[in-house]
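Trainee: I would like to learn how to read a structure like this one. Could you take me through it feature by feature?

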Amino acid sequence: SHTLYQAIFSPDIKSLLKDTNHINVIANGHLSSLPLAILSDSPQKPNWLIHKYSFTTLPSLGSLQDNSRPVSQANGFLGIGAPQGNIANLPALPFAKRELEQLANSLAGSQTTTLLTGASAKHENISSLDLRNYRTVVFATHGLASGEIQGLSEPALVLTPSTDDGLLTASEISDLDFDADWIILSACNSSAGNVAGAPNLTGLANAFIHAGARSLLVSHWSVRDDASAYLTINTVKNAEGRMKKAKALQAAMLSLMENETIKNASHPSIWAPFVLVGN
């Protein structure tokens, strides 16, 4: 971790960062699979960069200019996940429904709360909703990279099959119409890109941003449901308390590290996978 820190943070870069506590990240290739928060600037003991900096991942340089949209006026919560069906022998997600219910109870607004789980987690049910009513949208399901299953040419989220194949692809996401401050992908591989070797976050993140999401919270690897729920709830609550979104995630990570009720919460495998995408 420290060796990689030294390779990325050259003396010139460290000089440029001396007066800042926030870093915007635009990364390609293998580096895009690494949350920089997990790097350490000390060779003796872990001194994670999340203690010094908050981070925002941007799908492209043009994203820096796309920060003028007003806060969403919606006040609803939409949770989708815990799908049924046996797509490509993917493992079951026994805690996904409970996670969505916990998030709904903690984050739901006073106007609209909708949960689409199990047999209801279908593409047709999502399409039937007025998605602009939801300020916070959470998908608790599997994320698939392009080529991960036969015939899949773009990243996708797994839903319950109905009249379709049970996959919500990046191109289908782009056609949806959100007005969400947050879209949270509490899913395995939810940072997957379009094709092998392409920048991670490109496919799903750009699709959701094109569809109206202001910010996304995505994970680089599978996360235990108790840690995921804690981090998600506290990030969104911090942001609603007028904290900037990147700072809200940073504060939630630091709080999670110190939480003795969540097993091994101080280990980076628990707190580090989530990244903020967007503005």
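This is a predicted model: local features need pLDDT of at least 70, side-chain atom pairs count only at pLDDT 80 or more; totals for chains, interfaces and linings use all residues.

Trainee: Which strands are joined to S3 by bridges?

Mentor: Look for the bridges and for the direction of each pairing. S3 is joined to strand S5 (residues 134-140) by 6 bridges, and the two run parallel. Another 6 bridges join S3 to strand S4 (residues 113-118), also in parallel. For individual partners, Gly81 is bridged to Ala140 in S5, and Ile80 is bridged to Leu116 in S4.

Trainee: What should I keep in mind about side chains in a strand?

Mentor: In a regular strand, side chains alternate between the two faces of the sheet.

Trainee: In what order do the strands of the open sheet with S6 come, and is the pairing parallel or antiparallel?

Mentor: The open sheet has 3 strands in the order S6-S7-S8, with antiparallel pairing. Strands S6 (143-144) and S8 (167-169) are the edges, since each pairs on one side only. Strand S7 (residues 156-158) and S8 share 3 bridges in the antiparallel sense. Within that pair, Val158 stands opposite Leu167 of S8.

Trainee: Which residues of H8 are buried?

Mentor: They are Lys245, Ala246, Ala248, Leu249, Gln250, Ala252, Met253, Leu256 and Met257.

Trainee: At what angle do the axes of H7 and H8 cross?

Mentor: For two helices, read the separation of the axes, then the angle, then the handedness. The axes of H7 (residues 225-240) and H8 come within 8 Å and cross at roughly 140°. That angle makes H7 oblique to H8. The crossing is right-handed.

Trainee: Which residues meet where H7 and H8 are in contact?

Mentor: On the H7 side, the residues include Tyr230, Leu231 and Asn234. The H8 side includes Ala248, Leu249 and Ala252. Of these, Ala248, Leu249 and Ala252 are also among the buried residues of H8.

Trainee: How many helices and strands does the protein chain have?

Mentor: The chain has 9 helices and 11 strands. Of its 279 residues, 52% are buried. Among contacts between residues at least 6 apart in sequence, 75% join residues at least 24 apart.

Key. Residues are numbered from 1 along each chain as its sequence is written. Side-chain values use heavy atoms; hydrogens and water are left out. Buried means under 20% relative accessible area, exposed over 50%, partly exposed in between (1.4 Å probe, protein chains only). Helices (H or I, at least four residues) and strands (E, at least two) are DSSP runs, numbered from the N terminus. Two strands pair if DSSP finds at least two bridges between them. Axes are lines fitted to C-alpha atoms, for helices over the stretch in contact, and angles run from 0 to 180 degrees between N-to-C directions. Angles under 35 degrees count as roughly parallel, over 145 as roughly antiparallel, 65 to 115 as roughly perpendicular and the rest as oblique. A crossing is left-handed if the near helix is turned anticlockwise from the far one by less than a right angle, and right-handed if clockwise. Contact means heavy atoms within 4.5 Å.
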